[in-house]
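My notes follow the display.

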Amino acid sequence: MTPKTELFGRIEDYCLNLLDAREKEDFEKELTLNEELRDEVKLHHDIQDAVLELDVIALKASLEKIQRENTLNSFENGSFALLEELDEIKDLKEELTFEQLIDTFESLPKVHVYQHGKTANENIHRFYEEQNGSEMNGFEDELEGIELEELDGLEEAILESDILNLRDTLKQVAKSVEPQYSAEDIDSYLNGEMGDEILAEFEAELEMNQDLQFEVNLHNELDNALGEFDVMNLRDKMKNIMSAETSWNVSEQTIEDFIDGMLEEDLLMEFNAELKENTDLMAEVSLRNHINKAIGESDILSLRAKLAHARKESEKKEVKSIVMPQFDLKSTRFWRNSVAMIIVLVGLMGALNTGLQSVDKTYNKYFDTPTWASERSINTSSVDEYQKVRQYFAEEDYTKTIELLEHTTTTPQEAFVKNFYLALSYQNLNQYDKAIEAYTRVIDHGDNLFIEEAEWYKSLCYLKLNQKNEAKNELLAVIERKGHYENNAKAIVRKLKYTIK
Amino acid sequence: MISYTDAQILKGILRHDNLILQYIYKQYYYKVNYFIKKNQGSEDDASDIFQEAVIVIYRKLKENDLIFEKSSFQGYLFSVCRLLWLKQLEKRRIEKEKLNDSLPYQEDIYDDNLIELIEKNEKYGLYQKHFKTLSSDCQKLLQLFFEKVPLKEIARIMGYKTEKYAKTRKFKCKELLIKRIKQDTEFKKILEDDT
């Protein structure tokens with residue numbers, strides 16, 4: 001058997017015609033008999049031919065070179081000669097305003113094309129193509145069956161990617177550029193104050209430019225809408241009525257008569273008709289029914305009174321805890337029962353609260369003395385002077401607070417701070433008339449940060465004095481401000497309507 | 001409770017009479033509220049619709065375009081409320097066909113004029129809502145301008161040193177207002193409806 005290396009040597013010699021006549025004759029005889037050898041010889045021949053095609057290799061290299069040069073040229077030439085002045089942009093070192101950049105170079109489209117050319121061969125583009133590969137495939141599927149030759153110029157148009165990009169860029173530029181005419185110009189136009197020359201230019205632009213038409217129309221409508229102060233007033237009035245008034249069309253007496261079963265036939269039918277649809281009235285009737293039931297539980301009320309008495313008694317005897325170890329079984333049970341009853345009654349009191357709240361309870365629920373915060377409205381020198389007053393106020397020594405405040409020297413511009421805390425101190429000392437006077441001075445000042453609070457606390461003073469109308473007026477002013485106390489004020493206004501007796 | 005005739009009610013609306021407005025609210029609101037709640041609306045929706053219906057009637061009255069021949073104030077008010085709510089349902093893409101019509105209404109009042117007025121009211125209402133969000137200074141300044149108060153007087157009232165400053169301030173306020181309106185999604189919806 002011939003070793004493989006020797007065989008390859010002989011094949012190579014045969015292919016290169018290096019064998020002598022005898023060796024060649026023997027090899028060819030073997031070649032006719034051995035198919036494997038024939039294949040091997042053919043392979044060697046092919047390799048030899050390929051390696052020897054030097055002219056083709058040279059041609060291929062030349063073509064690649066030409067292609068590279070073409071790509072470079074197309075980038076340097078740009079599209080539509082947009083980059084003729086590109087060097088100017090490249091050399092720019094100063095910072096230019098947006099307008100200078102636009103006016104001097106008409107540069108944004110150019111810069112875009114320049115950047116586009118620069119990045120055309122970057123991986124990001126290939127990556128983008130890969131990302132959109134599926135979409136492209138879909139598009140090709142859609143095109144299947146359509147004769148592209150019939151759509152003259154379509155292929156060319158699709159391939160004009162530079163123009164597509166430029167169009168997008170121009171759209172972006174148009175979006176980012178400020179409108180040519182300002183609000184001031186449009187107002188001048190609408191008010192007939194525009195000079196003749198600019199007016200002609202403006203009107204010519206208006207005829208062509210839809211955006212400008214939209215702006216002018218908006219300004220026009222806005223002027224008309226803002227001139228409608230009567231409509232705005234009516235809307236505010238309706239809003240106030242709807243937030244402060246009850247929405248039912250029957251008197252309190254009628255509701256009570258309905259609950260007591262005293263309504264006459266016609267009235268009853270009318271009442272029932274409204275009750276069927278008016279959810280607010282339903283809620284009111286239900287509330288009043290519950291209140292009546294609660295009041296009717298006289299046994300529980302008397303028990304509550306007894307328990308309250310028992311608790312007071314126990315406090316006198318310094319009973320500090322209900323689980324004292326020295327208590328006998330009977331006594332512990334008693335206290336446990338008492339606590340349970342108290343919890344039940346506290347719950348019942350909660351239910352009763354809404355209906356039975358007296359003026360005092362409403363006042364106590366909503367009156368909460370604010371902390372000292374004079375710093376928000378007075379200058380630093382005055383702050384020092386107020387330090388001592390602050391201390392008394394914090395200690396709830398309102399008599400001393402009033403004494404000191406009366407002697408502080410305040411400028412008329414800052415007097416509202418003094419008046420506000422004076423009023424609060426009087427209110428805490430139950431001197432409501434004096435408090436109202438001081439709050440009024442704060443409100444009349446007209447321009448300070450305490451007005452809303454002053455109105456709120458003033459309304460509570462009126463409430464305490466049982467002057468419901470005055471209280472309601474102040475509360476409506478608070479509601480109008482839509483500030484911190486709006487919801488509380490609304491709640492009290494509603495109660496004033498039908499709960500507080 | 002005192003009751004008023006239609007003529008008295010209309011006069012009261014024109015005068016913004018508190019008693020008449022309260023009467024309208026107490027007399028008719030609960031029916032509108034019931035209708036809207038039955039048709040996928042809320043208490044707030046009912047308040048808004050009722051309030052805007054009164055404003056639409058006021059606009060009609062101002063234009064001298066409100067005569068009750070076959071209808072009454074109640075019928076007209078309910079019909080306007082119903083139409084306003086139908087428009088809302090349309091905006092919210094809720095089916096109108098399944099409407100629970102508890103409000104008595106009159107189809108014949110739904111003419112082009114009313115629909116145009118409702119659209120104008122909606123647009124102007126939006127502008128006015130944003131106007132109310134401006135600072136009181138801006139509101140006052142624009143109000144004086146629209147009341148055609150002379151520039152010099154405006155500068156004096158507002159405490160500005162020059163008329164020029166008053167004018168510049170006015171433009172700033174107006175620009176801010178326009179910016180807020182354009183950013184409002186409701187405004188974009190109105191524009192879409194217009195196109």
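I first checked which domains of chain B reach the lining of the largest pocket: domain 1 (1–114) and domain 2 (134–195) each contribute at least three residues. I note that the model is predicted.

I then looked up the volume of the largest pocket and found about 1,100 Å³. Of its 30 lining residues, I recorded A:R235, B:Q51, B:E52, B:G125 and B:K129 as the closest to its centre.

Which helices each supply at least two residues of this lining? I listed α15 (229–244) from chain A, and α3 (43–62), α4 (73–91), α5 (112–133) and α9 (185–194) from chain B. With eight residues, α5(B) gives the most.

I turned next to the largest nonpolar core, which has 48 residues. The members that touch the most others are B:I13, B:I24, B:F50, B:I57, B:F73 and B:L77. At least two core residues come from each of α15 of chain A and α1 (6–15), α2 (18–38), α3, α4 and α5 of chain B.

I examined B:L77 separately, setting aside neighbours within four places in sequence. I found B:L77 in contact with B:I24, B:Y28, B:F50, B:A53, B:V54 and B:I57.

Finally, I noted a second, separate core of 45 residues; among its members are A:F393, A:L405, A:F420 and A:A471.

Technical notes
Residues are numbered from 1 along each chain as its sequence is written. Chains are lettered from A and ligands numbered from 1 in the order in which they are written. This is a predicted model: local features need pLDDT of at least 70, side-chain atom pairs count only at pLDDT 80 or more; totals for chains, interfaces and linings use all residues. Side-chain values use heavy atoms; hydrogens and water are left out. On a 1 Å grid over the protein atoms alone, a cavity is a set of points where a 1.4 Å probe fits but cannot get out, and a pocket is an open set with protein on both sides within 12 Å along at least five of seven lines; lining residues have an atom within 4 Å of a point. Grid points are joined across faces, edges and corners, and a volume is the space filled by probe spheres set on the points. Helices (H or I, at least four residues) and strands (E, at least two) are DSSP runs, numbered from the N terminus. Domain bounds come from an automatic or database domain assignment. A nonpolar core is a set of buried Ala, Val, Leu, Ile, Met, Phe, Trp, Tyr and Cys residues joined through side-chain atoms within 4.5 Å. Buried means under 20% relative accessible area, exposed over 50%, partly exposed in between (1.4 Å probe, protein chains only). Contact means heavy atoms within 4.5 Å.
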